[in-house]
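Here are some notes to read beside the model. Keep the sequence open while going through the points.

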Amino acid sequence: MQVSIAMGDVAGKAALGGGAPACLDLEELLATRLLVQGNSGSGKSHLLRRLLEQSAQWVQQCVIDPEGDFVTLADKFGHVVVEAARTAEELARIAARIRRHRVSCVLNLEGLEADAQMRAAAAFLTGLFEAERDYWYPLLVVVDEAQLFAPAGAAEVSEEARRQSLAAMTNLMCRGRKRGLAGVIATQRLAKLAKNVAAEASNFLMGRTFLDIDMARAADLLGMERRQAEMFRDLSRGRFIALGPALSRRPLSIKIGAVETLARSGSPKLLPLPQAPQDAEQLIFTPAPAVAAPVMRRPPAAVPVMRPTEDILREVAALDSSAAAAEEGAAAEPALFPEIAAAAEEERRALFARLLRAIFVDKRAFYQTAAVLYQDFQVRCRIERVQGGLPALPEFRRLLAFARAGVGAEAEAQPLWPQACRLAESLSNEEVEARSVFLALAQAALLGAPCLGDKALARLYRTSSSRRVHSLLKHFEERGLMVVRADFSGKRIVTFPDLQIETAPGRPEAEDRIEPAADSTALTPAAQEENGAGAEEQQGEAGESLTEAEKPEAGDLAQESLPEAANTAAPLPLL
Ligand SMILES: Nc1ncnc2c1ncn2[C@@H]1O[C@H](COP(=O)(O)OP(=O)(O)OP(=O)(O)O)[C@@H](O)[C@H]1O
Ligand SMILES: [Mg+2]
């Protein structure tokens with residue numbers, strides 16, 4: 001059966017056939033598919049609407065509609081509107097039923113993110129494609145803005161969505177004919193449409209096209225001279241060059257006729273402006289009623305931490321020795337003079353802090369695990385002939401976070417510092433690196449210093465990945481510990497809602513310059529003599545002298561998975 005669809009009129013002089021109806025052979029179209037291209041506003045959607053309206057009574061139709069433009073077909077032609085905000089399984093099931101019951105439909109993708117649009121269209125098209133053989137009736141599948149679903153290059157969506165959608169479009173255009181599917185696709189930019197999808201159409205309607213690259217692609221597809229394709233530039237809205245077995249054997253200029261249903265989106269129309277209100281400035285600049293920024297506070301996620309066995313063994317051993325030492329101390333020094341005991345304890349703590357700071361004079365130490373650093377610390381304590389027991393590993397981890405963060409006396413003297421420490425304590429003791437990031441940022445905020453850059457934060461977090469740093473900051477935000485924002489120049493500011501303080505703006509891409517330990521008490525006098533060099537000099541050397549093997553590997557160093565070379569304790573500057 002031959003069905004001729006009236007698409008409009010042949011344009012041009014009457015003597016050359018102008019004014020004659022421009023027809024489209026529907027049966028031929030089902031076998032040979034159609035590609036429509038034209039810049040925005042050239043009239044593609046209007047053309048598709050004309051085609052759908054004129055053929056509605058002859059063939060089942062399905063429109064893949066990214067803008068929700070075609071839902072108006074429902075009223076006049078009875079198309080079922082399928083809202084795409086469903087699961088992939090649901091969409092596939094609906095598609096199968098659409099084929100079975102031969103109902104025309106519009107898949108409305110309006111309001112979905114690009115990624116979700118692609119997945120939904122893929123699920124639906126695949127459902128149509130995989131219908132049982134008994135239901136392979138002819139179905140016109142019209143895809144507007146086809147470059148969204150079959151992009152030529154990498155799209156700004158997930159690879160998975162792109163792959164699914166491209167596969168579904170390829171099936172439609174390359175393998176759909178036997179299953180009764182006839183693809184009609186429209187695109188603004190031929191160069192943005194995957195070549196294999198475009199190449200399967202044998203009929204073309206080319207509208208106004210400005211870009212040379214699109215014109216060249218159009219000329220190639222139509223088998224025209226590129227010079228000839230220049231004519232696409234001058235086409236007015238609603239005019240298309242038609243070519244193909246279902247349209248015309250020679251390029252024919254046609255003017256698309258009127259439509260019966262309305263598009264939901266039209267072209268912008270000029271409207272006279274209203275009288276400028278007297279109080280325009282007030283209307284625009286009056287601040288919105290103050291809304292207290294809600295601070296999201298979630299209970300800390302219970303992350304099961306796999307602890308290395310050697311860590312636990314070392315901790316048990318340390319507990320033993322400190323218990324024994326405590327017993328010894330208690331016997332030697334009954335709590336007769338508590339103030340002396342307290343002063344001694346204070347002194348010991350100061351000594352521990354100093355020894356820990358000394359460890360981080362060497363930049364390589366930032367990439368060592370807590371367990372390795374604990375060994376280093378024990379050695380230093382022995383050299384210093386520290387009396388009494390050493391801190392056990394959990395306590396050591398606590399102290400370590402402060403030392404990693406490079407917390408100095410100035411921050412410690414701030415009235416808000418104890419509160420900042422309490423917030424840091426809410427992080428698990430196992431998360432030494434995360435704590436140190438938190439403390440370093442809190443210190444910057446307390447001192448009004450710029451927010452640390454990604455590289456410095458990555459060093460503190462014992463990683464080389466900025467991505468991991470960003471996830472950590474996000475994690476802090478989710479726990480309501482801080483709010484991270486950027487100013488218009490892209491500088492980062494971290495606010496601590498509980499402390500009501502924030503860092504100065506800092507560039508995320510800033511170089512990581514480790515400040516020398518404020519009091520180079522970091523080095524014991526004996527060691528200073530031996531080394532004959534200041535901490536500053538050492539630090540520079542240590543930082544720069546990292547060999548490739550010693551540098552942290554890109555990726556996840558925070559998982560206690562340092563390469564062998566970095567894990568074997570770096571040569572200690574003090575020994
Ligand atoms: N042949 C025509 N006759 C009358 N009006 C038309 C014709 N073609 C297009 N228009 C009108 O021009 C405007 C733009 O057309 P349309 O929406 O079809 O463009 P488009 O190529 O689909 O653009 P976009 O790529 O931005 O979606 C619409 O308001 C439409 O009604
Ligand atoms: Mg359109």
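1. Two residues are in contact if their C-beta atoms, placed from the backbone, lie within 7 Å. The structure discussed here is a predicted model.

2. The first topic is a pair of helices. In α12, Ala 370, Leu 373, Tyr 374 and Phe 377 meet residues of α13, namely Leu 393, Phe 396, Arg 397 and Leu 400. By class, this contact of α12 with α13 has seven nonpolar residues, no polar ones and one charged.

3. How do the two helices cross? Helix α12 covers residues 370-383 and helix α13 covers residues 393-405; their axes come within 11 Å and cross at roughly 95°. Because angles of 65 to 115 degrees count as roughly perpendicular, α12 is roughly perpendicular to α13.

4. The next topic is one residue. Arg 119 is found in helix α5, which spans residues 114-129. Is Arg 119 buried or exposed? Arg 119 counts as buried because 24 C-beta neighbours lie inside 10 Å, and the cut-off for buried is 20 or more.

5. Leaving aside neighbours within four places in sequence, Arg 119 is in contact with Ala 88, Ala 161 and Gln 164. Arg 119 and Arg 162 are 43 residues apart along the chain, and their C-alpha atoms are separated by 8.0 Å.

6. The last topic is the ligand. Ligand 1 is surrounded by 15 residues, of which Ser 40, Gly 43, Ser 45, His 46 and Gly 238 are the closest. Helix α2 (residues 44-55) gives the largest share of this shell, three residues. By class, the shell around ligand 1 holds eleven polar, two nonpolar and two charged residues.

Note on methods:
Residues are numbered from 1 along each chain as its sequence is written. Chains are lettered from A and ligands numbered from 1 in the order in which they are written. This is a predicted model: local features need pLDDT of at least 70, side-chain atom pairs count only at pLDDT 80 or more; totals for chains, interfaces and linings use all residues. Helices (H or I, at least four residues) and strands (E, at least two) are DSSP runs, numbered from the N terminus. A residue is buried if 20 or more other C-beta atoms lie within 10 Å of its own, exposed if 12 or fewer, and partly exposed in between; C-beta atoms are placed from the backbone. A residue is near a molecule or strand if its C-beta atom, placed from the backbone, lies within 6 Å of it. Ala, Val, Leu, Ile, Met, Phe, Trp, Tyr, Cys and Pro count as nonpolar, Asp, Glu, Lys and Arg as charged, and the others, Gly among them, as polar. Axes are lines fitted to C-alpha atoms, for helices over the stretch in contact, and angles run from 0 to 180 degrees between N-to-C directions. Angles under 35 degrees count as roughly parallel, over 145 as roughly antiparallel, 65 to 115 as roughly perpendicular and the rest as oblique.
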